[in-house]
Amino acid sequence: MTLRKIVTLPDPVLRRKARNIILFDADLQTLIDDMIETLRDAPGVGLAAPQLGISDRLIVVEYPEDDELEDSPRKLFVVVNPEIKEISEETELGIEGCLSIPGLHGEVERALAVTVKGLTRRGQPVKIKASNWLARIFQHEIDHLNGVVFTDLAIKVWKPALDEPALDNV
Ligand code: NI
């Protein structure tokens with residue numbers, strides 16, 4: 001596994017609509033392993049392939065499935081060609097940061113719950129029901145596949161003060 005460089009704005013790859021993945025070959029498996037290693041090293045809780053300069057529809061997320069349970073273990077999700085299939089009407093404001101936009105935080109309104117469908121790293125169908133922060137992470141990462149970043153959606157964006165708590169980066 002290899003750590004890869006995380007690209008930052010204004011790299012144009014972050015503004016491109018990424019391609020669907022059709023080949024589940026060794027190169028894809030290597031890319032996924034590298035994404036997981038790069039995510040953990042950053043550290044972050046979500047990463048989309050365009051953030052490594054690769055315009056493919058692939059995300060990795062590592063976060064507790066239910067963050068309202070104390071000591072809920074982190075769970076790794078690898079989703080190829082992810083799509084949001086259901087979205088709650090209920091929304092929530094939350095503060096986000098992004099590994100590709102270092103030094104900025106923003107307040108973003110997101111759906112409280114989403115159902116994500118896609119494929120596993122072996123090409124098998126997968127469906128994930130996510131709520132709260134996990135739902136926010138999936139929405140943020142899938143936006144990256146469409147060339148959208150959180151500062152496009154934020155109701156306000158600021159440079160965090162030194163004493164502002166660190167965020168889980170996505
Ligand atoms: Ni991001």
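Strands β2 and β3 pair in the antiparallel sense over 7 bridges, where two strands are taken to pair if DSSP finds at least two bridges between them, and where helices (H or I, at least four residues) and strands (E, at least two) are DSSP runs numbered from the N terminus. Within this pairing, valine 61 has phenylalanine 77 in β3 as its bridge partner. The structure is a predicted model, in which local features need pLDDT of at least 70 and side-chain atom pairs count only at pLDDT 80 or more, whereas totals for chains, interfaces and linings use all residues. Residues are numbered from 1 along each chain as its sequence is written, and side-chain values use heavy atoms, with hydrogens and water left out.

Strand β3, which spans residues 74-87, also pairs with β6 (residues 113-119), again in the antiparallel sense and over 5 bridges. Leucine 119 in β6 is the bridge partner of valine 80, and threonine 115 in β6 stands opposite glutamate 86. These strands belong to an open sheet of 5 strands with antiparallel pairing and the order β1-β2-β3-β6-β7.

Helix α1 (residues 26-41) lies across β1, β2 (58-64) and β3, and runs at about 40 degrees to β2. Helix α2 (residues 132-145) lies across β1, β2, β3, β6 and β7, and its direction makes an angle of about 165 degrees with β2.

A search of the whole structure finds 11 salt bridges, each defined as a side-chain nitrogen of Lys or Arg within 4 Å of a carboxyl oxygen of Asp or Glu. One of them joins the side chains of arginine 15 and aspartate 152 at 2.7 Å, N to O. This pair links distant parts of the chain, with arginine 15 in the segment before α1 and aspartate 152 in helix α3 (residues 150-153), 137 residues apart. Arginine 15 counts as partly exposed at 40% relative accessibility, as does aspartate 152 at 41%, where buried means under 20% relative accessible area, exposed over 50%, and partly exposed in between (1.4 Å probe, protein chains only).

A salt bridge is also found between the side chains of arginine 121 and aspartate 33 (2.9 Å, N to O). Here arginine 121 lies in the loop between β6 and β7 and aspartate 33 in helix α1, 88 residues apart, and aspartate 33 is partly exposed with a relative accessible area of 26%.

The side chains of arginine 136 and glutamate 96 likewise meet in a salt bridge (2.7 Å, N to O), which connects helix α2, holding arginine 136, to strand β4 (residues 91-96), holding glutamate 96, across a separation of 40 residues. Arginine 136 is buried at 3% relative accessibility, and glutamate 96 is buried with a relative accessible area of 1%. Both residues take part in a network of salt bridges that links Glu96, Arg110, Arg136 and Asp143.

Definitions and conventions
Contact means heavy atoms within 4.5 Å. Axes are lines fitted to C-alpha atoms, for helices over the stretch in contact, and angles run from 0 to 180 degrees between N-to-C directions.
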